[in-house]
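The points are grouped by topic.

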Amino acid sequence: MASEEGDDGPLVGRTDTLAEIESDLRNVGPGGTAAVFVTGESGVGKSRLLRETARAMGDAGYSVLSGTCLDIGDASPLHPVLQALRQYQPDLQQWDQPTGADALLDRVSRDLRAVAGEKDLLLVLDDLQWADRSTRQLLLYLLAGLGGIRLSVLAAVRAEALHGAHPLRRVLAELRRLRSVRVVDLAPLDRDQTSELVSAIAGEGIEPEDADRVYKRSGGNPFVVEELARDLRDGRVELSDTLREIFLSRVDELPPAAHAVVHAVAAGVEPVEHTVLARVTGLAEAELIEAIRAAVAHRFVASSADGYRLRHRLVAEVLEAEVLEAEAASLHRRYAEAMEVSGAADHARLAHHWQRAGEPARALPSVVAAARSAEKLYGFTEAHRYWSLALDLTTDDAPERIELLAHAAESAHHCGEHQRALDRLAELSQRPDAPGECELHLRRARYLAAAGRSATAEVEYELALRSPDCTPQQRVSAAANLAELLLHLGRYADAYARATEALDQAAVNGSTRDLVRASAALGFSSAFREDPDAGLAVIRHAVEIAERSGHPDDLGVAYLHLAELLTGPLNSVEEGVLVARRGADRLAALGAGRTYQTRLLAIAGNGLFRVGQWAEADAVLEAAMRHRPSGADAVELLLARCRLWVGFGDVEAAQRDLDAVATLLAGGGARHVLPMLTLRAGLAMWQGRHAQARAAVQRGLTETRSDDLVLLGVLAWHGLRAEAEARAAGEAVDPGAIRRLKTVVDRMAQGVGNAATPVRAVVDGYLDLCNAELSRVEEKHDPDPWQRAATAWDRRKQPYPAAYARLRRAEAALTRKSRKAAAVLALREAYATATAMGARPFAAEIVSTAHRFRVALADDVDTQELGGPGAEDDGLAVLTQREREVLAAVAEGLTNREIGERLYISERTVGVHVGHIFDKLQVRTRVQASRVYLTAA
Amino acid sequence: MTESVWGPVKQEMSDLLQTYPDDVPAVVDQLTKLQDILGRVPPLLAENPLCDFNKLYLTITESVLERLYAGRFADPSFLSRLDVEFAARYFDALRAWAGPDASPRCPRVWAGLFQRIPGPDCRPLPAACAGVNAHINFDLPFALVTTFDHLGTDPIDDSIQHHDYLQINEIFAAAIPGLRRGYLDRWQVLIDTMNGRLDDWWQGEAIDYTRNVAWRNAQKLWGMRHDMTATDKERAHLDRIASDLGKLLLSPLGEFLQ
């Protein structure tokens, strides 16, 4: 929207709003980002507010980047952000081809960082309702802090757009819950403000009834108020009530050349460059300049460095309705021709004009080019729309149609439009030049599986296998994919059979990819069918094959499967972690497979968490985050890291990561909601906020699928624990919540019988914890269920839940005053585990229990409360908890190896921590670091 | 706009609508509080038509929550999202309501019911049905599209989500006769015993039918969801149809239902 600087009326009634917006934008959250979304109807003054804020913040030393989303329906991906960047880097087109969506987002972030330099960055986006999906995702990525930029975003959204099913509606609903995001609803002016604005423009001598009439006509819409006030000032008697008539009468007053300019700009995609406008209007330079001057003087057109715009979209909408179809078509044709002459590379814009010009044949090449360039930017949604448009532009008998259909189907599949993908495929299969039967079945199966329609997908795979034209390669591929699908369905015997079938032929006919996939399916199905060794051998073999092929995808998949098998069903966590890290190193050495590296490190981090090596997990997850993942990978890493923060008791960092997860999930994704809620509950419990913890769990209960036994187990345990802690804190328990949680526990107990052995072991562990918490809720003070739980988790080699169970066991026994010696032993064991992991809130709880029962936790040391995290502000506040511990040891004069032994982390990790400490304290030697520590202590 | 349409409960209403529930328990909570506030809007107090609708909607949402807790849905995350999205549209309409001719952002179909809050009085059942009409015929298709879009799945017949969605019909069917009996006075008991079964059957069918239409409309909207102009047009169209139906329900004719 385009009322430009210079001739703005006075800003009335927005002073407070402006100040609030500015302060909200400055007030970045712990993630280093803040956002304000301004919503309101057209003409209510959103753009003006954006402009004023941008100016003020620019003056205050912010680096300001502005972009506007386009309403041409098919803008190119990331348009507004790239437009903003081009203000600084005109040669932005010459990007190296990024390898993957992660790399692209990373690249944009780097450019934004470069533009910002040392300054804070303000990104201003107007007309966000027209943003393409890629832009929305980029925005969430940046706001989640994944781009590593301190950034404030100010965006305007038309309120009308949020009514229906606009994707932003949901995004804003989710984001507005975050502390760093504000949604400002800009209301029209009230009666007094309207009068003030009228007087400011038309002078003081305005009759109250005139001002009143302006208010009634305009409904307080500042844009309309200003226009009506000007009429009043100029003594023009306005006969018409509608905006449309007001503007049309003014257009009529324009000189003919200016008239042409206004219509031409209205039909163009803003900003319209001068040279393009010259070609479109066909006016000679002097004449054109005079016409533009007139259009500007009559307040229709605004001029800026990059071209011309209409002063307001409302005007464009009025004009659009007035122009004859033929007139519009001819204008668009002239635009297209002008663009072709100047050799512009904006395929999207060219396609738009050719299409509006009613020249589908000439539009087609640009549409196809636009689709391809969208795919290069991983904008599959946009690409899909272009391919679909290309199909609309061609007839059934066009020879290129088969290729267009294939592209349309594939891009729909990539952007998650499953049904569209299937529809395109159906059309494709009807054609005489369609690919073979087997090929079609395979593709359909792939699309169906992606859509989660497993049963139909299975049928399609079987049809593919039975097709007479099925080649040996296709047979292997179909069987391998089918095995994978069956594995997901939990049909291990069937998966085993199919995987065996695939492997039998793969050695001769299969690609490495299919071989790896089939091996993985065989490995997992064997493990679930209680023959892990055979499965393990097969997957190890697959890794060897992948190593020989050396292809990053093969290597990535093979290592991923082996690491998952080891850390998951086989519970050989240590070895799984080693494999995952080796795989990540291997790919890093190849300089490829960034996504696989991230995922492998995530597996390693999760494994290390479970075996209690938290500092090491921290280091691994940090390394993974440096790959700057996006989408689901980023969510998983953030969740894993947040779990560490919750364990360490770093509330601020945990909150930051939870906010980041919530930001990313605002763009969609149901799978991660439950882990997020569980973490929220866990964090709230350590903070003693039982109401919050309980609310998170209850919400989780309404979103849990009954077959996700493990997730259900974690959630139910958290819920019962929250009730038990609430009771211990003297609050009332919620009988309704207890009843529902008991139902869940019963459901788990029933379901666990049918689960595969590895799943059963985990679920049993949670059932033990749940039952023990139930006895705590009922205040039975019974150590036995806790003892059972401790034993179960010891067997799983997971020290954290085991130590937790020990604490409760000791507590119950000490309350009962029975078996005190065993209780003290359990308490001490739990304490040793907690301190070794760095689990501060947990250790604090053990200490306070010890105090309560007057138990010494160690023979030679006084037990003392560990201070709350982040409580101190002693010059060491920049350090993480772990870094403080390392620094304390450095100050004692220990070597890295000695520190590693004390803290149960590798020597290398200690080195990493020491490096970070030096950076943060800005010192270069251990002696200097020790001095800082001793001064602070 | 000299005085708020909500009269003495203005402040409470605006405070309540500051909250945006994000799960089904919170929706139930919001509807419960709303029920209390609406019951104090003069002059009709608890007899006002929106109260009748809200009460029915609360009952239905409570049943949904119960089923969610009981694990009765195949895809609870879908149903939870849908329920929250669905309710958000009712709350949005309430936020946008500032009186007749002063609420450009309030859908017409809702405005038709809201403007009857001060009277003239109408029968509780048609009043509740007018709300159901607005909510199902207008809000539901959009809520469905948003939910599917957010979860990255398609609205496909016979999918597990579709079956979960159809379960809600049972809840409606169960809630509506209950609502009727709650409002019966003496002479209506007589009518009820005469043709009650027939009446209930008719009601059940109507809900079933309109909910099915909502599903079809959602599928239609799904196909055009990236096209803002087309979606806007469709929204205006649905609003018009639904508000005509709403007018009929709130007219003297609607009392036949009672």
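In this predicted model, helix 24 (residues 492-509) of chain A packs against helix 25 (residues 512-528) of chain A at an angle of about 145°, and the two axes lie 8 Å apart. The crossing of helix 24 and helix 25 of chain A is left-handed.

**Helix 24 and helix 25 of chain A**

- On the side of helix 24 of chain A, the residues that meet helix 25 of chain A include A:Tyr492, A:Ala495, A:Tyr496, A:Ala499, A:Ala502, A:Leu503 and A:Ala506.
- Helix 25 of chain A contributes, among them, A:Asp514, A:Leu515, A:Ala518, A:Ala521, A:Leu522 and A:Phe528 to this contact.
- The residues of this contact divide into 12 nonpolar, four polar and one charged.
- Leaving aside neighbours within four places in sequence, A:Ala518 touches A:Ala499, A:Ala502, A:Leu503 and A:Ala506, and also A:Ala479, A:Ala480 and A:Ala483.

**The largest nonpolar core**

- In soluble globular proteins, nonpolar side chains tend to be buried together.
- The largest nonpolar core of the model has 371 residues.
- The residues with the most contacts inside this core are A:Val367, A:Ala390, A:Ala483 and A:Ala518.
- Helix 6 of chain B gives the largest share of this core, with 15 residues.

**Individual residues of chain A**

- A:Phe648 is found in helix 31 of chain A. This residue counts as buried because 23 C-beta neighbours lie inside 10 Å, where the cut-off for a buried residue is 20 or more.
- Not counting residues up to four places away in sequence, A:Phe648 touches A:Trp614, A:Gly838, A:Ala839, A:Arg840 and A:Gln881.
- The C-alpha atoms of A:Phe648 and A:Arg217 are separated by 61 Å, and the two residues are 431 residues apart along the chain.
- A:Arg628 is not a glycine, although its phi is positive at about 50°. The residue belongs to the loop between helix 30 (614-625) and helix 31 (631-648) of chain A. A:Arg628 has 21 other C-beta atoms within 10 Å and is therefore buried.
- A:Arg819 likewise is not a glycine and has a positive phi, of about 45°. Its place is in the loop between helix 39 (799-816) and helix 40 (820-837) of chain A. A:Arg819 is partly exposed because it has 16 other C-beta atoms within 10 Å.

**Cis peptide bonds**

- A:Glu270 and A:Pro271 are joined by a cis peptide bond with an omega of about -5°. A:Pro271 sits in the loop between helix 11 (256-267) and helix 12 (274-281) of chain A.
- The peptide bond from B:Pro42 to B:Pro43 is also cis, and its omega is near 0°. B:Pro43 lies in the loop between helix 2 and helix 3 of chain B.

**Chain B**

- Chain B has nine helices and zero strands.
- Of the 258 residues in chain B, 44% are buried.
- Among the contacts in chain B with a separation of 6 or more, 77% are between residues 24 or more positions apart.

**The contact between chain A and chain B**

- The contact takes 31 residues from chain A and 33 residues from chain B.
- On the side of chain B that touches chain A, the elements giving two or more residues are helix 2 (24-38), helix 3 (49-69), helix 4 (76-96), helix 6 (124-151) and helix 9 (228-250) of chain B.
- Helix 6 of chain B provides the largest share of that side, six residues.
- The residues on the side of chain B that touches chain A divide into 15 nonpolar, nine polar and nine charged.

**Confidence of the prediction**

- The predictor gives the complex an ipTM of 0.83 and a pTM of 0.83.
- The average pLDDT of chain B is 80, and 82% of its residues score at least 70.
- Within chain B, confidence is highest in helix 2, at 95, and lowest in helix 8 (residues 186-223), at a mean of 57.
- Residues 181-205 of chain B have a pLDDT below 50, and this stretch has eight contacts in the model beyond near neighbours in sequence.
- Where pLDDT is low, the predicted coordinates should not be read in detail.

Technical notes:
Residues numbered from 1 in each chain as written. Chains lettered and ligands numbered in written order. Contact = placed C-beta atoms within 7 Å. Helix = DSSP H or I, 4+ residues; strand = E, 2+ residues; numbered from the N terminus. Nonpolar A, V, L, I, M, F, W, Y, C, P; charged D, E, K, R; others polar. Buried ≥ 20, exposed ≤ 12 C-beta atoms within 10 Å, placed from the backbone. Core = buried A, V, L, I, M, F, W, Y, C linked by C-beta atoms within 7 Å. Axes fitted to C-alpha atoms, helices over the stretch in contact; angles between N-to-C directions. Left-handed = near helix turned anticlockwise from the far one by under 90°. pLDDT = per-residue confidence, 0-100.
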